[in-house]
Amino acid sequence: MNELEEQAKELLQALISVPFESCALITREFRDLPLSPGIYAVRHREHGLLYLGKAKKLRERFRGGHKACTWSWLNDYDHRDVAISFVPLSMLDVLKLGDELESILIHATQPPYNAKYPSRD
């Protein structure tokens with residue numbers, strides 16, 4: 001396992017180890033999410049990981065609309081059963097490593113709302 005894969009493994013563990021009750025709730029303003037960059041996971045209380053992604057500004061990523069919120073609504077999930085865990089990253093990490101880290105995480109977990117899994121070639 002290379003250094004980047006090890007970092008991705010640690011990030012994934014951090015994302016899924018957050019108790020559901022401590023995750024940011026789906027709200028109109030997403031005030032529980034920081035304006036800083038990071039990796040995030042949209043999670044369902046019972047079904048687990050729904051979507052993984054990265055953002056330069058976590059709160060703004062969701063305030064502008066997000067397909068994971070729409071798809072969870074279409075799947076008739078109660079909004080109280082869907083929440084967001086996140087791990088802050090530096091802007092440098094997001095710009096330099098974000099795409100590759102995101103790709104490793106998505107390939108490892110294959111969340112159902114990540115419709116297309118980016119190539120790792």
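## Basis of the description

Because the model is predicted, local features are reported for a pLDDT of at least 70 and side-chain atom pairs count only at pLDDT 80 or more, whereas totals for chains, interfaces and linings use all residues. Residues are numbered from 1 along each chain as its sequence is written, and side-chain values use heavy atoms, with hydrogens and water left out.

## Overall fold

The protein has 4 helices and 4 strands, which follow the pattern α-β-β-β-α-α-β-α when read along the sequence. Helices (H or I, at least four residues) and strands (E, at least two) are DSSP runs, numbered from the N terminus. The C-alpha trace spans about 40 × 25 × 25 Å along its principal axes. The radius of gyration, taken over C-alpha atoms, is 14 Å, which agrees with the value near 14 Å for a compact globule of 121 residues, the globule rule being 2.2 Å times the number of residues to the power 0.38.

Of the 121 residues, 41% count as buried; here buried means under 20% relative accessible area, exposed means over 50%, and partly exposed lies in between, with a 1.4 Å probe and protein chains only. The protein exposes about 7,200 Å², of which carbon and sulfur atoms supply 49%; accessible areas come from the Shrake-Rupley method with a 1.4 Å probe, and for residues only the protein chains shown count as cover. Among contacts (heavy atoms within 4.5 Å) between residues at least 6 apart in sequence, 69% join residues at least 24 apart.

## The sheet and its helices

The 4 strands form an open sheet in the order E1-E4-E2-E3 with antiparallel pairing, where two strands pair if DSSP finds at least two bridges between them. Strand E1 (24-25) and strand E3 (48-55) are the edge strands, each pairing on one side only. Helix H1 (residues 3-17) packs on the sheet and touches strand E2 (38-44), E3 and E4, its direction making about 45° with that of E2. Helix H4 (residues 91-109) also packs on the sheet, touching E2 and E3, and its direction makes about 165° with that of E3. For these angles, axes are lines fitted to C-alpha atoms, for helices over the stretch in contact, and values run from 0 to 180 degrees between N-to-C directions.

E1 and strand E4 (residues 82-88) pair over 2 bridges, with Ala 24 partnered by Ile 84 and Leu 25 standing opposite Ala 83. E4 also pairs with E2 over 7 bridges in the antiparallel sense; in this pairing Tyr 40 has Phe 86 as its bridge partner and Ala 41 has Ser 85. On the E3 side, 7 bridges join E2 to E3, including that of Val 42 with Tyr 51, and the two strands form a hairpin with 3 residues between them.

E2 is mostly covered, 7 of its 7 residues being buried: Gly 38, Tyr 40, Val 42 and His 44 point one way, while Ile 39, Ala 41 and Arg 43 point the other way. In E4, 5 of the 7 residues are buried, so this strand is largely enclosed by the rest of the structure.

## Aromatic pairs

A search of the whole structure finds 4 aromatic pairs; rings of Phe, Tyr and Trp (its six-membered ring) pair if their centres lie within 6.5 Å, and planes under 30 degrees apart count as stacked, over 60 as edge-to-face and the rest as tilted. Phe 30 and Phe 62 form a tilted pair, 5.5 Å centre to centre with 40° between the planes. Phe 30 lies in the loop between E1 and E2 and Phe 62 in helix H2 (residues 58-63), so the pair ties together parts that are 32 residues apart in sequence.

Trp 71 and Tyr 113 form an edge-to-face pair, 5.5 Å centre to centre with 85° between the planes. This pair links Trp 71 in helix H3 (residues 67-74) to Tyr 113 in the segment after H4, 42 residues apart. Trp 71 counts as partly exposed at 29% relative accessibility, whereas Tyr 113 is buried, with a relative accessible area of 5%.

## Surroundings of Arg 59

Arg 59 is found in helix H2 and counts as buried at 19% relative accessibility. Leaving aside its neighbours within four places in sequence, Arg 59 is in contact with Glu 29, Phe 30, Arg 31, Leu 33, Pro 34 and Leu 35. The C-alpha atoms of Arg 59 and Ser 36 are separated by 7.9 Å, the two residues being 23 apart along the chain.
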